[in-house]
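This briefing goes through one protein model by topic. Keep the sequence and the 3D view open while reading.

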Amino acid sequence: MYLGRACTGAGRDIRDDTGMIDYVNGTTGSTGSFAGSSAVPGVNPAKLGDHVGMAFRHAPIAMLVADSGGHILEANKAFGALADRTPSSLCGQRWPELLAEGDRATAWDLHRAAMAIAGGGGSRVLRLGTPGNAPPRMVVEVRTLPAAESPAAENGTGDGAADSADSGDAVPSARPGHTEGGGARRTPAGVAILFREPLPDEETLRILTELRTENAGAVLWSLDLRTGRLSELFGPSPLGRTLAGDARDLEDCLARVHRDDVARVRDALEASHQGRDYEQRFRMFDRSGDEHALHARARFVDGDRPRLIGIIDDVTEHVQLVRRLADRRRIEAAQGRQVTELAAKLVSATTIDEVTGLLTEEFVPIFGGTTAHVMLVVDGVLRASPASTRKTDAIAMIDGRDAADTDYPMGAVVQDRQPRFFESRAEALERFPAAAEIMHHTSAQSWATVPIFGDRRVALGVWQVAWNQPHHATPDERALMLTLAGLAGQALQRVSRQQAELELADAMQRRLLPPLIPGFDALDIAVRYLPARAGWRVCGDFYDVIQLPDNKVGLVVGDVQGHGVEAAAAMGQIRVAFRAYATNQGDPGTVLAETNRLLGETGEIVFATCGYLVLDLASGEMQAAWAGQPPAVVATSEAFELWEPETGPPVGVDADAKYPVSTRRLRPGESLLMCSDGLLESSEFTMDAGLRQVGTVVRDRHDEGVQAIATTLTELIPAGRGDDIAVLAIRRHGSGD
């Protein structure tokens with residue numbers, strides 16, 4: 001139907017094929033978006049008259065009608081009074097230009113949103129630009145006016161809307177919509193604009209809503225559950241434009257939802273068709289392809305047009321923050337495990353170089369440092385540790401410097417036992433200008449220098465971590481560095497005490513062993529003794545070589561069970577007893593039996609495994625008496641075999657025990673090895689595996705001599721062994737049969 005009287009010269013005739021305008025006035029409940037002269041189907045216009053047009057012109061609510069380009073086609077008297085102008089003078093102007101300058105862009109957004117789809121629209125609180133007065137704030141509602149179907153109506157002329165669309169005045173971003181039922185497409189002919197004063201609380205609510213949607217990344221939305229059409233309640237929002245643009249169809253929007261979330265979103269929407277409220281968190285890609293995390297909530301509104309009305313919040317930053325916190329917790333947990341493992345290594349370290357190596361190598365990645373150095377106070381000067389580490393030019397200039405020299409950071413830390421943290425070179429030079437020359441030889445930009453404490457807070461040295469870029473050490477990092485330096489100080493003192501104790505134990509042990517091994521023309525002899533390294537242990541392993549009458553030699557290897565002073569004393573008694581009995585008894589079984597009886601008479605609860613072998617240097621005949629001792633190894637350069645003499649119980653167990661004698665010949669050129677069980681078995685090796693390994697070494701090193709055999713065997717032993725080891729190897733001169 002004809003939309004009122006078109007402005008003079010406008011050249012437009014906009015018709016509504018439905019016969020009624022969708023909307024005139026939200027207050028009066030009139031029948032359309034705009035009314036003009038009647039053309040209701042089946043009714044004679046002459047009889048109906050221009051009542052609808054009269055209602056529009058005289059309505060108490062200010063209204064305008066504009067084409068797709070925003071040009072005013074009709075204004076009623078209420079708007080003329082509001083704008084203090086005659087309605088006819090407004091025709092042809094673009095209606096957003098009547099608003100205050102700061103609100104015109106928002107008005108154009110409303111216009112474009114309404115023109116984007118048939119039946120669209122929105123509302124905002126805007127200021128009307130009235131000359132000479134403070135701009136009044138008005139609720140501006142924009143609604144689309146439908147037009148004739150495309151292609152043209154039955155008369156084929158394509159009037160009104162087509163003319164308007166072809167005039168070049170249409171808003172560039174406007175696009176045709178379509179009917180709810182998916183029938184013929186309709187081109188919006190224009191818009192109806194309603195101006196009314198906000199209700200007492202309405203303006204406050206609208207302002208808060210606008211601030212919420214503009215500044216907090218939110219969309220106030222409505223979904224028609226019958227048609228699947230989406231709309232924003234108060235016009236387009238920044239987030240809505242970013243996510244959907246002009247899309248108003250639910251399926252178009254769901255196409256942007258992350259594929260892992262879309263099924264869950266659809267299921268929740270299906271539940272809403274049953275009258276349930278809606279709430280979901282999901283991921284959605286915007287028009288640029290960036291991913292957003294969204295939180296959508298809505299209430300179900302029943303009626304002729306069941307809807308969901310709600311809000312969508314962009315919670316991307318919150319989700320990213322949660323992820324960062326989770327990542328940080330994982331990193332901190334991993335660092336905590338790493339620190340615990342490294343602290344355990346400090347506790348189990350057995351040498352000074354091992355302790356300082358942990359500080360200079362394995363602890364540095366925890367703090368993201370580039371390099372680290374340890375300087376220990378040795379005889380009043382600073383010495384780099386580990387000693388095997390290659391010294392940089394800067395460290396070489398500090399190595400050997402007086403530890404009391406406070407002109408340099410390390411000396412100052414040693415003297416006052418206070419850590420120093422420098423975030424830049426300038427900060428370090430301001431405090432220690434004398435260090436300028438040293439800084440010329442390093443690329444480091446920041447440093448953390450902490451003291452390594454011992455008992456009574458005596459500074460044993462300093463630990464310095466360096467970064468190749470400016471670095472701020474956080475309070476947590478500083479506390480962790482001081483804690484690790486404290487653990488390192490305890491480890492250094494423990495290792496130093498253990499080293500002193502081991503040296504004392506080693507000295508005591510060697511004093512109990514024979515100071516000099518006799519030499520024989522027909523025999524090569526090699527002996528080795530290795531004290532235990534798992535704590536301060538004076539142990540009971542021993543060896544002896546006894547020169548006997550008739551060109552014979554006695555060979556003894558034994559292991560007194562237990563550790564400590566008692567075991568060492570018992571070992572001394574057994575060795576002396578062997579020498580005493582061996583010089584008077586030619587039978588090795590009798591020597592073992594007499595020694596066993598002597599231990600029983602002392603009343604001490606001590607026993608020992610041992611093997612005593614008498615070798616005739618002329619014939620090579622061997623007579624052996626064994627008391628629980630491991631087998632001997634006999635080898636050439638081609639093969640080895642184990643000799644297991646018949647054995648009796650360890651000495652000291654049964655005072656009346658007898659020890660049988662086993663006989664074998666040692667050919668010229670053959671090697672024989674006797675050893676204590678510390679060489680053969682451990683927590684990682686069984687006795688059989690140890691014997692195979694030792695036999696292989698004796699065979700492979702046979703041609704190199706017994707000294708090479710003994711040295712190679714000692715190199716197989718782990719540094720932290722828990723038992724001492726005695727080794728006796730011989731080789732008879734001459735070539736084999």
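In which strand is the place of Thr-449? Thr-449 belongs to strand S14, which covers residues 446-453. The model is a predicted one. The protein contains 21 helices and 26 strands, and buried residues account for 47% of its 737 residues. Of the contacts between residues at least 6 apart in sequence, 60% join residues at least 24 apart.

**Thr-449 and its surroundings**

- Is Thr-449 buried or exposed? Its relative accessibility is 0%, so Thr-449 counts as buried, the cut-off being under 20%.
- The side chains of Thr-449 and Gln-464 are joined by a polar contact of 2.9 Å.
- Beyond its neighbours within four places in sequence, Thr-449 is in contact with Met-410, Val-413, Pro-419, Arg-420, Val-462, Trp-463 and Gln-464.

- Strand S1 (residues 62-67) runs antiparallel to S5 and is joined to it by 6 bridges. Ala-62 has Phe-195 in S5 as its bridge partner.
- Strand S4 (residues 137-145) is also antiparallel to S5, with 7 bridges between the two. Here Arg-143 stands opposite Ala-192 in S5.

- Strand S6 (residues 218-224) pairs with strand S7 (residues 229-232) over 4 bridges, in the antiparallel sense.
- Leu-223 has Leu-230 in S7 as its bridge partner.
- The two strands, S6 and S7, form a hairpin with 4 residues between them. Gly-228, in the turn, has a positive phi of about 75°.

**A sheet of five strands**

- What is the order of the strands in the open sheet of 5 strands? The order is S16-S26-S25-S21-S22, and the pairing is antiparallel.
- Strand S16 (523-530) and S22 are at the edges with a single partner strand each, so one side of each has no neighbour in the sheet.
- From one strand to the next, the twist averages 20°.
- Within this sheet, S25 and strand S26 (residues 725-732) run antiparallel and are joined by 5 bridges. Leu-672 has Ile-730 in S26 as its bridge partner.
- Helix H21 packs on the sheet, where it touches S16, S25 and S26. The direction of H21 makes about 20° with that of S16.

**Helix H20**

- H20 lies across S21, S22 and S25, and runs at about 130° to S22.
- Its buried residues are Ala-689, Gly-690, Leu-691, Val-694, Gly-695, Val-697 and Val-698.
- The buried residues of H20 pack against strand S21 (632-635), strand S22 (640-643), strand S25 (671-675) and helix H21 (706-715).

**Nonpolar cores**

- Nonpolar side chains tend to be buried together in soluble globular proteins.
- Which residues touch the most other members of the largest nonpolar core? They are Leu-613, Leu-615, Leu-672 and Ile-730, in a core of 50 residues.
- Strand S19 (residues 608-616) supplies the largest share of this core, 6 residues.
- A second, separate core has 29 residues, including Leu-342, Phe-363, Ile-452 and Leu-484.
- Leaving aside neighbours within four places in sequence, the contacts of Ile-730 include Leu-523, Ile-525, Leu-555, Leu-615, Leu-666, Leu-672 and Val-706. Among its other contacts are Asp-524, Glu-670 and Ser-671.

**Arg-112**

- Arg-112 is found in helix H5, which covers residues 104-115.
- Its relative accessibility is 31%, so Arg-112 counts as partly exposed.
- Arg-112 and Gly-70 are 42 residues apart in sequence, and their C-alpha atoms are 9.3 Å apart in space.

Technical notes: Residues numbered from 1 in each chain as written. Predicted model: local features only at pLDDT ≥ 70, side-chain atom pairs only at ≥ 80, totals over all residues. Heavy atoms only, no water. Buried < 20%, exposed > 50% of the residue type's maximum accessible area, 1.4 Å probe, protein only. Contact = heavy atoms within 4.5 Å. Polar contact = N/O pair within 3.5 Å; in protein donor to acceptor, adjacent residues only side chain to side chain. Pairing = 2+ DSSP bridges. Core = buried A, V, L, I, M, F, W, Y, C linked by side-chain atoms within 4.5 Å. Axes fitted to C-alpha atoms, helices over the stretch in contact; angles between N-to-C directions.
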